[in-house]
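Welcome! Please take a moment to look over the sequence and the structure before reading on.

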Amino acid sequence: MTDTTAPLPRPSLRLPVRGDGFERASLDAISGLDRVSSATACAKLHGLGVTRSFVEGPRPLQPGQRIVGSAITLQFMPQREDLASGLGQEYVERHTALWAVMETVQPGDVLVIQAYGSQFSGCIGDILARYFQRKGGVGIVVDGRIRDSGRIRNLGLPVWSTGVTPHYASQSELFPWAYDVPVAVGGALCLPGDLVVADDDGPVIIPQAMAGEVVDSARDHEEWEVFSRHRLDEGARLSDYYPLTPDTREEYESWRSARAFAR
């Protein structure tokens with residue numbers, strides 16, 4: 001008969017796991033995306049060949065907020081009692097990747113958390129959110145739940161999550177396992193140092209090496225949409241101005257040159 005009171009044999013794996021070093025996105029890359037919406041970023045990435053950039057599921061805790069920043073990552077994994085579990089209550093979490101990643105936060109960072117869309121794990125609460133914000137973090141994207149939602153909302157810290165729960169992070173089926181590692185969030189891959197753009201349409205992950213291409217393409221797109229809105233408001237035909245035809249593209253170029261000259 002198995003003795004269920006005996007300690008379980010423990011694998012020789014040390015937690016938390018930390019990934020290799022990485023370079024954060026540059027300030028120029030971040031500022032270049034400052035006026036780019038998540039919808040435009042997603043569309044431009046699709047045109048450049050990256051078809052899964054949208055983080056499906058997380059919604060803004062506070063509508064109307066927007067962030068751009070460099071990703072740092074946190075990975076939750078399923079609990080297994082011989083290695084990692086929340087049976088020791090939430091005090092065990094101070095020795096996990098959840099606490100460790102908080103000490104790496106730098107100004108401009110966006111924390112991206114893999115939690116499998118869990119409905120029961122409160123990956124971030126008020127105290128950690130306050131600490132993250134004080135260290136200069138600009139926003140959090142969680143493919144899962146948060147807790148203390150009212151207090152986090154009062155902080156003004158932008159957060160995208162799949163909902164809320166009263167549970168602490170390891171109270172249910174997951175455990176904070178690793179940081180500075182690739183994470184899967186809402187069907188998208190995020191590497192440490194990738195760029196994150198998030199607004200009311202949701203978060204989009206931009207590969208760091210493609211940020212410049214996205215900025216250049218998005219800037220033109222946003223400008224011609226301003227022109228198209230103006231012409232549509234004047235009564236022009238939709239098919240002529242959205243998207244632009246070769247003729248209306250020429251008209252747009254003249255309009256843009258006139259505006260630049262007027263400045």
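Here is a short briefing on some helices, cores and backbone features. Please keep in mind that this is a predicted model.

**Helix α6 and its partner**

- Among the buried residues of α6 are V214, A218, H221 and W224.
- Helix α2 (residues 38-48) packs with α6 at an angle of about 120°, and their axes are 9 Å apart.
- The crossing of α2 and α6 is right-handed.
- On the α2 side, the contact is made by T40, A41, K44, L45 and L48, while α6 contributes E213, V214, S217, A218, H221 and E222.
- Just after α6, you will find G235 with a positive phi of about 105°.

**Nonpolar cores**

- The largest nonpolar core has 28 residues, and L74, L111, I113, I124, F132 and I140 have the most contacts inside it.
- Elements that each supply at least two residues of this core include β3 (67-78), β4 (109-122) and β5 (139-146).
- The largest share of this core, five residues, comes from α3.
- Leaving out residues up to four places away in sequence, I140 touches L111, I113, I124, F132, L157, P158, V159 and W160.
- A second, separate core has 20 residues, including L83, W177, V181 and V183.

**A buried serine**

- S70 sits in strand β3.
- With a relative accessible area of 2%, under the 20% cut-off, S70 is buried.
- Beyond its neighbours within four places in sequence, S70 is in contact with R24, A25, I30, G108, D109, V110, G193 and D194.

**Backbone features to look for**

- In general, most residues other than glycine have a negative phi, and most peptide bonds are trans.
- D148, in the loop between β5 and α5, is not a glycine, but has a positive phi of about 55°.
- D180, in the loop between β8 and β9, has a positive phi of about 60° although it is not a glycine.
- Is each aspartate buried or partly exposed? D148 is partly exposed at 34% relative accessibility, whereas D180 is buried at 6%.
- The peptide bond from L15 to P16 is cis, with omega near 0°, and P16 lies in the segment before β1.
- The bond from Y242 to P243 is cis, with omega near -5°, and P243 lies in the loop between α7 and α8.

Note on methods: Residues are numbered from 1 along each chain as its sequence is written. This is a predicted model: local features need pLDDT of at least 70, side-chain atom pairs count only at pLDDT 80 or more; totals for chains, interfaces and linings use all residues. Side-chain values use heavy atoms; hydrogens and water are left out. Buried means under 20% relative accessible area, exposed over 50%, partly exposed in between (1.4 Å probe, protein chains only). Helices (H or I, at least four residues) and strands (E, at least two) are DSSP runs, numbered from the N terminus. A nonpolar core is a set of buried Ala, Val, Leu, Ile, Met, Phe, Trp, Tyr and Cys residues joined through side-chain atoms within 4.5 Å. Contact means heavy atoms within 4.5 Å. Axes are lines fitted to C-alpha atoms, for helices over the stretch in contact, and angles run from 0 to 180 degrees between N-to-C directions. A crossing is left-handed if the near helix is turned anticlockwise from the far one by less than a right angle, and right-handed if clockwise.
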